[in-house]
Amino acid sequence: MKIYTDITQYDSLARNELFPVLKPYLGKATGFSNEACLAQYGFELSTYQIVEEGKEATLWILPMSWNYYRAKGKIEVAEKFVNRAAVLGKKVISFTSGDFGVKVPAFNNLIVYRQSGNKSRLPKYHHGMPVFIGDPLQKWFQQTAPEIRELQENPVIGFCGQTNDSVLNAMKEITRVWIRNVKFKIGRVLHEPQELLSSSYLRGRVLKIIKKASDLEANFIERKKYRAGASDELTKKQTTQEFYQNMVDSDYVICVRGGGNFSVRFYETLAMGRIPIFINTDCLLPFEDEIDWKKHVVWIESNELELLEEKIKTFHKEHTSQSFKALQKANRKLWEEKLRLKNVIKAPID
């Protein structure tokens, strides 16, 4: 695919704000090999060709995130780029980064990819973008296919991570969100307003329901701190291994949003060939017009947690031994074929 971008806008000091697909092509050391690109990004260098003339390109890519242009006071630079593409009848692909979105101007030829944000509040030209992760099966287990679990009468529900069902802690988290929202209103911060919600408390509530449920087997490793407060490489490696082993030993995995309105664990679970129990907090998922997500996950709206136990049991009982195994394989295949970096700009753009 031929793509055009303005390489003069690339800021090496803000490489994390560079559009992900451009990372193998901009700022890499001379001699960056095709094999290195495959290993690090999951696609070959020849997958995309950056052209010098915009009229020759299939798509234009705004090089840096909208967060970057807002923070640097360069929003007019981004707008000029989009307008140049419009003159040539070209679509522009762009993205917002991090846990929180920023205000993005509207253009008829603009597509915005994002991981965070509330779906019901976003315009139609905003599309869900996966969280891009390396292959955990390959890295941590030296495998290319998941271990397929047999269908058991009582499903095993996994979770390894930080949780806190303290009401006091929830009030502190909600207060911090409220303060940040006020700062946005008065122009002190760029991040868009967020829902007044404590994600750690929500996680704690979900886990408590599972632990009290009959016929559900809880396989939980609950942390008081992120990654158990690991500060050295050995402990980080150990806790990460425990995280993924918990998935291997589970049928389903609890996936609840973090600070931003999305879940990295959601994509890690699919990559591991497991079934997410997805708590939907008005999330924007990728490829919603192509993927029937409710066939791949146990879908729970955040306002119906009282139905959590029943919905998990119903989903589990609807499967035969054969279909249960097939779903595990299908979830891994979904991640491989749709949710890796090489697929990000193949989403519908009309």
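A: Happy to! Let's begin at Ser-263, which caps the N-terminal end of helix α8, with a side-chain oxygen 3.3 Å from the backbone nitrogen of Arg-265. Helices here are DSSP runs of H or I with at least four residues, strands are runs of E with at least two, and both are numbered from the N terminus. This is a predicted model, in which local features need pLDDT of at least 70 and side-chain atom pairs count only at pLDDT 80 or more, while totals for chains, interfaces and linings use all residues. Residues are numbered from 1 along each chain as its sequence is written, and side-chain values use heavy atoms, leaving out hydrogens and water.

Helix α8 covers residues 264-271, and seven of its eight residues are buried (under 20% relative accessible area, with a 1.4 Å probe and protein chains only). Those buried residues are Arg-265, Phe-266, Tyr-267, Glu-268, Thr-269, Leu-270 and Ala-271.

What covers them? The cover includes the helices α4 (136-141), α7 (233-248) and α10 (321-338), along with the strands β7 (156-162), β9 (252-255) and β10 (275-280). Contact here means heavy atoms within 4.5 Å.

Just after α8, Gly-273 takes a positive phi of about 70 degrees.

Now for a wider view. A nonpolar core is a set of buried Ala, Val, Leu, Ile, Met, Phe, Trp, Tyr and Cys residues joined through side-chain atoms within 4.5 Å. The largest one has 43 residues, of which Phe-19, Trp-66, Val-92, Leu-110 and Ile-345 touch the most other members. Helix α3 gives the most to this core, with five residues. Apart from it lies another core, of 29 residues, and Tyr-267 is among them, as are Cys-160, Phe-243 and Leu-285.

Terms used
Buried < 20%, exposed > 50% of the residue type's maximum accessible area, 1.4 Å probe, protein only. Polar contact = N/O pair within 3.5 Å; in protein donor to acceptor, adjacent residues only side chain to side chain.
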